[in-house]
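Please read the following points alongside the sequence and the model, as a colleague's note on one helix, one surface patch and some ring contacts.

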Amino acid sequence: MKPASGDASRFPVFYTIIGGITASVGLELFLHPHDMIAGGVTGISRLMSLYTQEHFGLLLFVLNLPLMLLYSLSTHKPMLLRALPGLFAFSGSAIILSPFQAVSGHPVVCALGGGICIGLGAALTARHGGLLDSLGLSESDDGRPSTLLLIHRKIPLIQIVMLCNGLLLITAGFVLGWEPALYSALSCLAAYETTRLMFTGLRRMVCVVSKKQPTVEDAIYRRLRLHSTPIEGSAAQVKGKIKSESDKNEQMVIIYSVHLLDLQRFKAAIQMADPQAEIMYMKRWET
């Protein structure tokens, strides 16, 4: 049993910047030297840079900025302010790394390595409130898939993003050749799976013991969008861990499934809501 403490998200801008740099490494040291592209606005920027002779990093910033601004204005959310540090790092480090040679001469290695780097960077940035590509807006703040109203019918935004990426890869096949386009598709798949693993990978079951159950649940939901499974009854009923007779009728046990990367933010949210709360880690891990 440990008191809730710590906060790995005390400097979220730092993590968004690291994510932007990691993603640019995947592009400039793995994909671009082999004429491969990524998905979303990042891939569009690359194709435009080949014809306009403008630098990829500059186009990446210029194309993403108005789309993020439009999203912020339409949803009344401060998306642009949260996305700017990561976007600056992404585009700036791409400019710095562009003169370097590819890490490997094998296209399969570069496709997989680049996709993994992009997935890691995008997930790290998104987990701390940032965004690297404006076509990465696939979920709303309440965790539900975002939708777009077209012809009186709501279409999941993720389907629109997948359609755009498919058209982008077909365009890349005509422009760059079908072999680089196929490797690009492999890279996009690797990036998607890496991002998915970062968001839905290893999770840990955690018991939270607190006298302020509603406050704790609200704080964790607002910060991490996690729903709890409360256990009614006294905390003394949970494996005999809580022995205090004076508290057993007041404390509640709340069960959460927390991603490994969110544990520190989870503990920090609990500490802010109830400094007297305690947590117990269960031995079972989920995948």
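1. Helix H8 has as its buried residues Gln213, Val216, Ala219, Ile220 and Leu224, where buried means under 20% relative accessible area, exposed over 50% and partly exposed in between, with a 1.4 Å probe and protein chains only. These residues cover an arc of only 135° around the axis, which puts them on the same side of H8; the arc is that of the directions from the helix axis to the C-beta atoms. On the other side of H8, Pro214 and Arg222 are exposed.

2. On the basis of the coordinates used here, this is a predicted model, in which local features need pLDDT of at least 70 and side-chain atom pairs count only at pLDDT 80 or more, while totals for chains, interfaces and linings use all residues. Residues are numbered from 1 along each chain as its sequence is written, and side-chain values use heavy atoms, with hydrogens and water left out.

3. The 12 residues of H8 (residues 213-224) should span 16 Å at 1.5 Å a residue, and the end C-alpha atoms are 16 Å apart, which agrees; the expected span is 1.5 Å times one less than the number of residues. Helices (H or I, at least four residues) and strands (E, at least two) are DSSP runs, numbered from the N terminus. Just after H8, arginine 225 takes a positive phi of about 60°.

4. A nonpolar surface patch of about 800 Å² is made by Tyr51, Leu163, Leu167, Ile170, Phe174, Val175 and Trp178, and helix H6 (residues 157-176) gives the largest share, 5 residues. Patch members have over 30% relative accessible area and no salt bridge, nonpolar side chains being joined within 5 Å. Valine 175, which lies in H6, counts as partly exposed at 34% relative accessibility.

5. The whole structure holds 4 aromatic pairs, for which ring centres must lie within 6.5 Å, with planes under 30 degrees apart counted as stacked, over 60 as edge-to-face and the rest as tilted. One of them joins phenylalanine 174 and tryptophan 178 edge-to-face, at 5.1 Å centre to centre and 70° between the planes. Phenylalanine 174 counts as exposed at 66% relative accessibility, whereas tryptophan 178, at 45%, counts as partly exposed.

6. The rings of tyrosine 256 and phenylalanine 266 have their centres 5.3 Å apart and their planes at 70°, so this pair is edge-to-face. The pair links tyrosine 256 in strand S6 (residues 252-259) with phenylalanine 266 in helix H9 (residues 263-273), 10 residues apart. Tyrosine 256 is buried at 1% relative accessible area, and phenylalanine 266 is buried at 0%.

Technical notes:
Patch = residues over 30% accessible without salt bridge, like charges linked within 9 Å, V, L, I, M, F, W, Y side chains within 5 Å. Areas by Shrake-Rupley, 256 points an atom, 1.4 Å probe, with all protein chains shown as cover. Salt bridge = Lys/Arg side-chain N within 4 Å of Asp/Glu carboxyl O. Phe/Tyr/Trp six-rings, centres within 6.5 Å; stacked < 30°, edge-to-face > 60°.
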